[in-house]
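Trainee: I have a protein structure open and would like to learn how to read it. Could you go through it with me?

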Amino acid sequence: RREAAARVPPPGAATSRQQGLAKAAGEAAVRRVEALHAALLLCGAAEAEAEAEAEAQSMSEAVAAELLPAARAAVEAAEEGAGRFRVEAAGGCEGEVAAHEAALEQSRTSISLAEARLDEAEAGLAALREAAEAAAAAAEQEFFEPDADDVLDENFPPGRRRFEPRQLTEAEEAAVSEILQPGNPAEKLIEINNTPITRKDIATLKPLEWLNDEVINCFVELLRQHASEAEQAGEPLPKVHIFSSLFYTKLAESPEYTYGNVRRWTKRAKVDLFSRDLVIVPINQGNTHWTLGLINLRQKRFEFIDSMHGSDGGRLAVLRRYLKDEHQDKKGAPLDLGEDWVDISYTAADGTPRQTNGFDCGMFMSRTAEYLVRDAVLDFTQADMPNLRRRMVFELSQKALTD
C-alpha cells in the first residue's frame, strides 16, 4: 500500500502526460474554432457573392430590357436601309452597265472607222511609195541625151543628170565653223593621199579667197575616189580620169610644150586614157585664173570651160597634141583625130555657169569637175558659191564627197 500510495500524485498535481494531452486538446479546440470561423467567413463570402450575382443579373436583365427595343429598332432600320441600298445599287449598276455598253459599242464603231481609214492610208502610202520609186527610177534614168545632130553642137555642154547638193546639217555647219577658226597657219588639219592641208590652206575656202593648189588637188583626189567607187559599183556614170593641177603646167608651160615631162604620169596612175570616157584637166592660167580642159573621148570633143567665158587661148590644141603623143607612146601607133573630133569653147550662150566676181574661179573649176564626174548638168550659179565653199571644207574634212 505504501508503494501504491507513493505512485499516486498528490492532489492538485497533474502529470506531464496529462498536461501534454490537455495542451493538445486545447490546441485542437483552437484550430477547430478557427476552422469554424473560417467556414463562417467563407459562407458569408459565398452568400455575398451570390447576392452580388443575383443583383448583377437583375441589373443586366433591366438594362437588357431597356436596351433591347432600341437595338431591335436599329437592326430594323439597318435592314430597311440595306434593302433600299440594294434596290438603288441594282438600279445604278444597271444604268452604269448600260452606259458602258453604249460606250463600248461606240468605241467598236470608232475602231472600225479607224481601221478602215488606216487601210486607206496604207494603200495611199503604198501608192506614194510606188510613185516615188518610179520617179526615182525615172530620175536615175533621165539622161539629157543629145540627138544625132546635137552631138557636135557647141550648145550642148557635158552632163546629163540633175544634181542638187544637199544643205549641210546644223552639226556639219558647226564642224565647218570650227575648222575655219583662226589658229596656227602651219597646223596640219587634214591629210589626203599624203598631201597635207594646213590651217592656212583651208582658210582659202573662206569667202573672198582664192583657192590654192593644195586644196584643189586634195579635192581632185576625192573626185578620183568617187569616180573609182562608182565604176566598181557599176553605176551608169562616165569613166573618168582627172589630172592634178600641175599636169598642164608641166605639159605646156615648162617653158613650152614637152610631152616627156608627163610621159610617165598615166603609167604611174595605172590608167589607160583611151579606156576612159572623159579626161579632166585643171588649168592654172598664169597663177591668176582657174579653167578646165576636157578630152571627151565618148563624144570626140576637146572642150574648154571657163567661168569667165573666155577663149581657150590655144589650150585645146595642146590637149589635142598631147592625146596624139600619148597614143603613139602607149599604143605604138598614130591617132587619127580627123574631122569627127571637134574643139568647143563654151560661152554664156551655152548656159554654163558664170562667175561674177574675181575670186571664185577655183570654186567654179572644182565644182564643174565634180559635176562632170557625176555626169550632172552644169546648172549651179554664183549664188551657190558660199554654200559650196563650206561644203568643200566639210568634204575635205571627211575625205569623201557628200550627196
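**Reading a predicted model**

Mentor: Let's begin at the end of a helix: helix 9 is followed by D375, whose phi is positive, near 55°. Keep in mind that this is a predicted model.

Trainee: What is the length of helix 9, and how far does it reach from its first C-alpha to its last?

Mentor: Helix 9 covers residues 361–373, which makes 13 residues, and spans 18 Å from end to end. That is close to the 18 Å expected at 1.5 Å a residue.

Trainee: Is helix 9 mostly covered or mostly open?

Mentor: Mostly covered: 13 of its 13 residues are buried. For the protein chain, with its 403 residues, 33% count as buried.

Trainee: How many helices and strands does the protein chain have?

Mentor: The chain has ten helices and seven strands. Among contacts with a separation of 6 or more, 64% are between residues 24 or more positions apart.

Trainee: What are the mean pLDDT of the chain and the share of residues that reach 70 or more?

Mentor: Here pLDDT stands for the predictor's confidence in each residue. The mean for the protein chain is 81, and 68% of its residues reach 70 or more.

Trainee: Where is confidence lowest, and where is it highest?

Mentor: The lowest is in helix 1 (residues 2–7), with a mean of 50, and the highest is in helix 8 (residues 315–331), at 98. Look also at residues 139–155, where the pLDDT is below 50. That stretch has 31 contacts in the model beyond near neighbours in sequence.

Trainee: Next, empty space. How does one find where it is left?

Mentor: Rolling a probe the size of a water molecule over the atoms shows where empty space is left. In this model, the largest pocket holds about 380 Å³ of space. It is lined by 16 residues, and R224, H241, I242, A269 and V271 are the closest to its centre.

Trainee: Which elements give two or more residues to the lining of that largest pocket?

Mentor: They are helix 5 (213–232), strand 3 (240–242) and helix 7 (265–269). Helix 5 gives the most, with five residues.

Trainee: And how many cavities of 30 Å³ or more does the structure hold?

Mentor: It holds two. About 70 Å³ of space lies in the largest cavity. Its lining includes W290, I305, C361, F364 and F380. Strand 5 (289–296) and helix 9 each supply at least two residues of this lining, and the largest share, four residues, comes from helix 9.

Trainee: Let me try single residues. Why does S244 count as buried?

Mentor: Compare its value with the cut-off: buried means under 20% relative accessible area. S244 has a relative accessible area of 16%, so it is buried. This residue lies in the loop between strand 3 and helix 6 (247–252). Leaving aside neighbours within four places in sequence, S244 is in contact with N217, R224, W265 and P282.

Trainee: Which residues other than glycine have a positive phi, as K300 does?

Mentor: Another one is K270, with a positive phi of about 55°, while phi of K300 is near 55°. K270 sits in the loop between helix 7 and strand 4 (278–285), and K300 is in the loop between strand 5 and strand 6 (301–305).

Trainee: Is K270 buried or exposed?

Mentor: K270 counts as exposed, at 78% relative accessibility. K300 is partly exposed, at 35%.

Trainee: What is the form of the peptide bond from S254 to P255?

Mentor: That bond is cis, with omega near -15°. P255 is in the loop between helix 6 and helix 7.

How values were computed. Residues numbered from 1 in each chain as written. Predicted model: local features only at pLDDT ≥ 70, side-chain atom pairs only at ≥ 80, totals over all residues. Heavy atoms only, no water. Buried < 20%, exposed > 50% of the residue type's maximum accessible area, 1.4 Å probe, protein only. Contact = heavy atoms within 4.5 Å. pLDDT = per-residue confidence, 0-100. Expected span 1.5 Å × (residues − 1). 1 Å grid on protein atoms, 1.4 Å probe; cavity = no way out; pocket = protein on both sides within 12 Å on 5 of 7 lines; lining within 4 Å. Points joined across faces, edges and corners; volume = space filled by probe spheres on them.
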